Amino acid sequence: MKKIQANIVVIDDQEDILFAAKMLLKKHFETIITLNNPKDSIKVLSENKIDVVLLDMNYRIGYEDGKEGIYFLKEILLLSPATKVVLMTAFGHVETAVEALKLGAFDYILKPWDNSKLVEVVKKGVTQSRKEVKSTVSQSVNNFFIGQSNAIVKAYDLAQKVAKTDANILILGENGTGKYVLAHYIHQQSNRKDQAFIHVDLGSLNENIFESELFGYAKGAFTDAKNDTAGRFELAENGTIFLDEIGNVPLTLQAKLLQAIQTKTITRLGEAKPRKLNVRIIAATNLDLKTEVQHKNFREDLFYRLNTMQITLPSLRERSDDLVDLANFLLEKLSAKYDKYNLLFDEKALAQIKKHAWFGNIREMENRIERAVILCENESITVADLDLESIEVFETEKDDIQLSDIEKISIEKVLQKHQFNISKSAEELGLSRAALYRRMEKYQIKND
């Protein structure tokens, strides 16, 4: 039997599972890579073209909720969108696996698995991965959208100028404005483009694992430290580390981050000797860090270390000239994803796209268009498909309405629509749960 030329990664903390999967899959696929730590997948994906990842959902003793699997699923999809992730889970955790399918997982397999079923799912994953790569390569448009409005052109022009340097960069902008895309663009334009691009969502890191995740740890440093493990900074060696949501790092941990940036070294937990770093740092936040410094919520010295170059991304409210082009770009991208070609917006949908406030920015627009592509029953996407008909439209010419007032009203309407279900409301607005909570606190919105 001829093997399929494909690269498969299997991630599980149990050696017997890794061995069994490798013995089975190597009969059918050319390259099988086994990892006992999901963190190592970041480096493997940065250096290799991986078709399918088989990912266990739980790794630490006593943590059986699948959150680790969900976290690394998101990381893998960010780093390598064409890679198909198949989750491995026990029967009792099927609900979590089904939830992961909504986040982009390709499929899931129950442990202990049926050999023929596992091979079949991986083959399908390889086929779909190759199809998406081919579609991406054949597209006449880039994998990202820049636009023609002055503010976005200025931001990307500046990014291109500083990309070839090793200067630290701070990217500012509201949630959903494309900070990750810009950071990755800078990396791709830099002299480090052939090295790793490591994304770290600092907003989702628990304080208890902050140091171990960023700086790594030695075997025996704590209860579950079974092996020497590199942190995110080391994984980004000679490449770029993108510190997303930098404004959410607690003051108590900012000093440790500052030391790593200042000295260009890190020290793993459980070790005494520092390790040298050669890493390009890009940070991003939706907060006004100058104000955070004034309020003593952010260290001034860390701010200036990060802020060698500052790039601000405009909101979609400041990019009215780009709305239709951006919507058409996203429609083309998502149509290819779901094999539904020749889709177009009808005239009313385009008019509503131009008028809608888009407080969730590009993320909100992408969410709505993806929903429309899935639900539309013909080749014309309507206002109803976009779920914009129940959203009040605000004209930007109304000088008597402040943007903050419009945002508050929009958030209240969506929250009421979903009976204050935070997850559903955040998804519709194109915000993270944390960002929605911050806005609710800012505008004193409560579920009375």
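**A strand on the inside**

Modeller: Let's go for strand β11 (residues 280–285): six of its six residues are buried, so the strand is largely enclosed by the rest of the structure. "Buried" here means under 20% relative accessible area, with exposed being over 50% and partly exposed in between, using a 1.4 Å probe and protein chains only. Strands (E, at least two residues) and helices (H or I, at least four) are DSSP runs, numbered from the N terminus. Keep in mind that this is a predicted model, where local features need pLDDT of at least 70, side-chain atom pairs count only at pLDDT 80 or more, and totals for chains, interfaces and linings use all residues. Residues are numbered from 1 along each chain as its sequence is written, and side-chain values use heavy atoms, leaving out hydrogens and water.

Now look at the two faces of β11. Arg280, Ile282 and Ala284 are buried on one side, and Ile281, Ala283 and Thr285 are buried on the other.

What about its partners? Two strands pair if DSSP finds at least two bridges between them. Strand β6 (residues 169–172) runs parallel to β11 and is joined to it by four bridges; there, Leu170 stands opposite Ala283. Strand β8 (residues 240–244) is also parallel to β11, again with four bridges, and its Ile241 has Ile281 as bridge partner.
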